[in-house]
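Have the sequence and the 3D view ready.

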Amino acid sequence: MSKGYELCDKIKNLTPYDPLEGEYRLRLDANESYFEPDENLRRELGEIAAKTAFNRYPDPYAVEVCRAFAEFYGLPESLVTAGNGSDELISIICGTLLQKGEKLLTFAPDFSMYRFYAELYELESVVMEKEPDLTLPVDRVISYINENQVAAVMFSNPCNPTSLGLSRENVRKLVSSVKALVVLDEAYMDFWDQSFLPEVQEHDNLIILKTCSKAIGMAAVRLGFAVAKPALSIALRAAKSPYNVNSISQAIGAHILSKREFLLDCRDQLVKSARELNARLNKLAGEFPVLETVHPTCTNFVFVKTPAAREIHQKLLKKSIAVRCFGKYLRITAPSPEQMEELLAALHDILVEMRDNA
Ligand SMILES: *Cc1c(COP(=O)(O)O)cnc(C)c1O
């Protein structure tokens, strides 16, 4: 006979991350790279996977893949900790570097997982609204942190979902003006030129997060990295679960990260695609004022303000095209050249239909 087990409040009230399910012809909703390994690379990856010591636990410190990552970004290996996606690293930071009740400052709009983990680990989640133009008010942020005993601040730069970036100079000002831990999520910095990685060793209160899920094109293998000075890196390695990155992901990650030319070429094409998408959406906005603002992009996606976001989102889904909808905004991932034509044709048809029915 059950005694009536009940879930605790924090888990009862948790809203799970809700990724889109189902099959769509165009997946432009998750900011993934559109590049897939060609047949040669697939064969290499298959051979690497086949060599795995399947009966053995993985290398707990993922040394080989951390070395490949460090080499790719020109960093000392000692600063790098691997995670099962940067998502896991966000969870580890919230759950172990911060204590229950401490203040974690995040921003709106920004990546939703920061707040998710803050709530899960019973931190005091403080959310500051960005400026009306969606930029981060650095001076206001610094005063807030210093006047309110904020323990940590976490944000993405360039930002998901706004696609806007904060200059290196402003990041430097923020990091050096506070005692709080700054978690700087550079998931999309491959697409922009203001990375703070070269200065990571100058700050004791800084963790930079990177992921292989976007520019590197390996969302499937779940690999993320935290870059920080030794004191923080040692703490993260001590706090993580021992075998957090599986052997296959470690080996495949190390192999892909060694393909510098290939990765930089993919990156360049993704940047080109995002710029073209931005320009063509701007042109469409000239014809259809319902597309209010097409934000400039520092990433591999474009953020569009439109009061018709929900309707357009639904109509695109009916045409088997998935984009992300956030209230009055659409976020559209940079498509391949063929997908670009299909997306813009569909969007044009939808806007004509909406105008004619208005
Ligand atoms: C996609 C994304 C990540 C990546 O998460 P992984 O767990 O490494 O796939 C991290 N931060 C932001 C802001 C992202 O958009």
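## The largest pocket

Which helix gives the most to the lining of the largest pocket? Helix 5 does, with 5 residues. (A helix here is a DSSP run of H or I, at least four residues, numbered from the N terminus.) A pocket is an open set of points on a 1 Å grid over the protein atoms alone, where a 1.4 Å probe fits, with protein on both sides within 12 Å along at least five of seven lines; lining residues have an atom within 4 Å of a point.

The largest pocket is lined by 47 residues, and Tyr17, Phe111, Ser112, Met113 and Arg324 are the closest to its centre.

## About the model

This is a predicted model, in which local features need pLDDT of at least 70, side-chain atom pairs count only at pLDDT 80 or more, and totals for chains, interfaces and linings use all residues. Residues are numbered from 1 along each chain as its sequence is written, and side-chain values use heavy atoms, with hydrogens and water left out.

## The whole protein

Buried residues (under 20% relative accessible area, 1.4 Å probe, protein chains only) make up 51% of the 358 in the protein. The C-alpha trace spans about 60 × 60 × 55 Å along its principal axes.

Conventions: Helix = DSSP H or I, 4+ residues; strand = E, 2+ residues; numbered from the N terminus. Buried < 20%, exposed > 50% of the residue type's maximum accessible area, 1.4 Å probe, protein only.
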